[in-house]
Amino acid sequence: MVLVSTADRVLVVVGPTASGKSALAVSLCQRIGSAEVINADSMQLYRGMDVGTAKIDDAERQGVPHHLLDVLDVTDPATVAEFQRWARAAIADCHARGVTPVVVGGSSLYIRAVIDRLEFPGTAPAIRKRWQQRLAQEGPASLHSVLAARAPEAAASILPSNGRRIVRALEVIELTGEPFVATLPPYESVYDDVLMIGLDVPRDVLDERIAGRVDRMWSGGFVDEVRSLIPLGLRDGPTASRALGYRQILEFLDGAATEDDARAATTAGTRAFARRQDRLFRKDPRITWLAHDDPALVDAAEAVAVHP
C-alpha cells in the first residue's frame, strides 16, 4: 500500500506509557517505506537515560531513522518551547526530502506543541529564580494565593501543590504584564494534513504492562544507569532529575528510601502518569483509537495512515 501523498502529511502515534507506541511507529514506517520517527518523549531527549525511559535501541529501530533522541545532557533544561522548534524543524526536513514524519509520544502537551497552534511566552531566569526562592521558603500554597490574587482564572486551573506551574505562571505574568493562560487553545493544527493514531489499552491490562516494564527496567540495570549519571550531573539537572524512576532511585541512593520503596513508587507513579496521559488524549477528537492487541494492528494503522 502506498501513501496518497507525503508532501504535507504528518502522522502521529500516541498513547499512554507501555502501550506499544514505539514498536507500532517502526512497523508503520516500514510499511510506508519512506517515513521517519520523530520522538516526542521529553525524557528520551537525554543522553544516557535509556533503561528508565524505555528508549528504543538500535536493533528495535530496525533501520528506521529516529530524530530527537539523545540530544541533551542530563544537566540541560528541557522546555516544551524549545522542543516545539526542534520537532517542527525535523518535520520540515522530512517534508523537504519527501519523507513522511511519524511523531511518537505519550505527552499530550508535547504532541500538541508540535502540531497545534500553541505559543509559549519567553523566559526570564532572574524572575523565575526569585519566585523559586519564595517557593522554597514559603511553599506552593502561599504562592498559589499570590497567583489567585493576580490571575484568578489561572489559579483555578493550577493545583495549589504544583509549585513548578505556579512559579511559571507568576514568571509569565511579571514578564509579559498579561494574565497567564493555563488552558490550551482549541484542537487546531498548523499542518494541513495530520492523521493521529491512538493505542487503546484497558486500564487493568495497562497496569500489568507497566508493572512488567518496571520489573524489566530493574533487571536491565536501571539502578546502575542512575548511578552512572550522577557524576555527569543528574542530581543538578533541572528536568532530568525529576523523571519518573530516576527521582525515586536518587532517593534510594541517598538513603531516603529503600530500593523496594523506590521500585514500588516508580510503578505507582507511572500508573498514575499513564492514566493522566490517556485522559488528556481522549479529549482530542482527531485521534483514531486502535486496540493495542489487535492481531491486525499494523494493517489498521496503515489504513489510517493512507486515508486520503
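Two strands pair if DSSP finds at least two bridges between them, and that is the rule to hold on to as we start. Hello everyone, and thanks for coming. This is a predicted model, where local features need pLDDT of at least 70, side-chain atom pairs count only at pLDDT 80 or more, and totals for chains, interfaces and linings use all residues. Residues are numbered from 1 along each chain as its sequence is written, and side-chain values use heavy atoms, with hydrogens and water left out.

Let's begin with the sheet. It is an open sheet of 6 strands, with parallel pairing, in the order β3-β2-β4-β1-β5-β6. The strand and helix names come from DSSP runs, numbered from the N terminus: helices are H or I with at least four residues, and strands are E with at least two. Which strands stand at the edges? They are β3, residues 66-67, and β6, residues 287-291; each has a single partner strand, so one side of each is left without a neighbour in the sheet.

Now please look at β2, residues 35-39.

How much of β2 is buried? Buried means under 20% relative accessible area, exposed means over 50%, and partly exposed is in between, with a 1.4 Å probe and protein chains only. By that rule, 5 of the 5 residues of β2 are buried. Both of its faces are covered, with A35, V37 and N39 on one side and E36 and I38 on the other.

Contact, for us, means heavy atoms within 4.5 Å. For directions, axes are lines fitted to C-alpha atoms, for helices over the stretch in contact, and angles run from 0 to 180 degrees between N-to-C directions. Helix α3, residues 80-96, packs on the sheet and touches β1 (9-14), β2, β3 and β4, with a direction about 175° from that of β2. Helix α13, residues 297-305, also packs on the sheet, touching β1, β5 (193-200) and β6, and its direction makes about 160° with that of β5.

While we are on α13, find A305, which belongs to this helix. A305 is buried, at a relative accessible area of 0%. A305 and R9 are 296 residues apart in sequence, yet 9.1 Å apart in space, C-alpha to C-alpha.

Let's move to α12, residues 259-281. This helix has 23 residues and reaches 33 Å from its first C-alpha to its last, close to the 33 Å expected at 1.5 Å a residue; the expected span is 1.5 Å times one less than the number of residues. Its buried residues are A262, T266, T267, T270, A274, Q277, D278 and F281. What do they pack against? Their partners are β1, β4, α4 (108-115), α9 (203-219), α11 (246-253) and β6.

S108 is buried, with a relative accessible area of 12%. Leaving aside neighbours within four places in sequence, S108 is in contact with L280 and F281.

Now for a pair of helices. Helix α5, residues 125-138, packs with helix α6, residues 140-150, at an angle of about 130°, and their axes are 7 Å apart. The two are therefore oblique to each other: angles under 35 degrees count as roughly parallel, over 145 as roughly antiparallel, 65 to 115 as roughly perpendicular and the rest as oblique. W131, R134, L135 and E138 make the contact from α5, and P140, S142, L143, V146 and R150 make it from α6.

P140 also leads us to S161, which is 21 residues away in sequence and 5.6 Å away in space, C-alpha to C-alpha. S161 lies in the loop between α7 (152-156) and α8 (163-176). Buried or exposed? S161 is exposed, with a relative accessible area of 58%.

To finish, here are two loop residues to look up. Q62, in the loop between α2 (58-61) and β3, has a positive phi of about 50° although it is not a glycine. D70 lies in the loop between β3 and α3; its phi is near 60°, a positive value in a residue other than glycine. D70 counts as partly exposed, at 28% relative accessibility.
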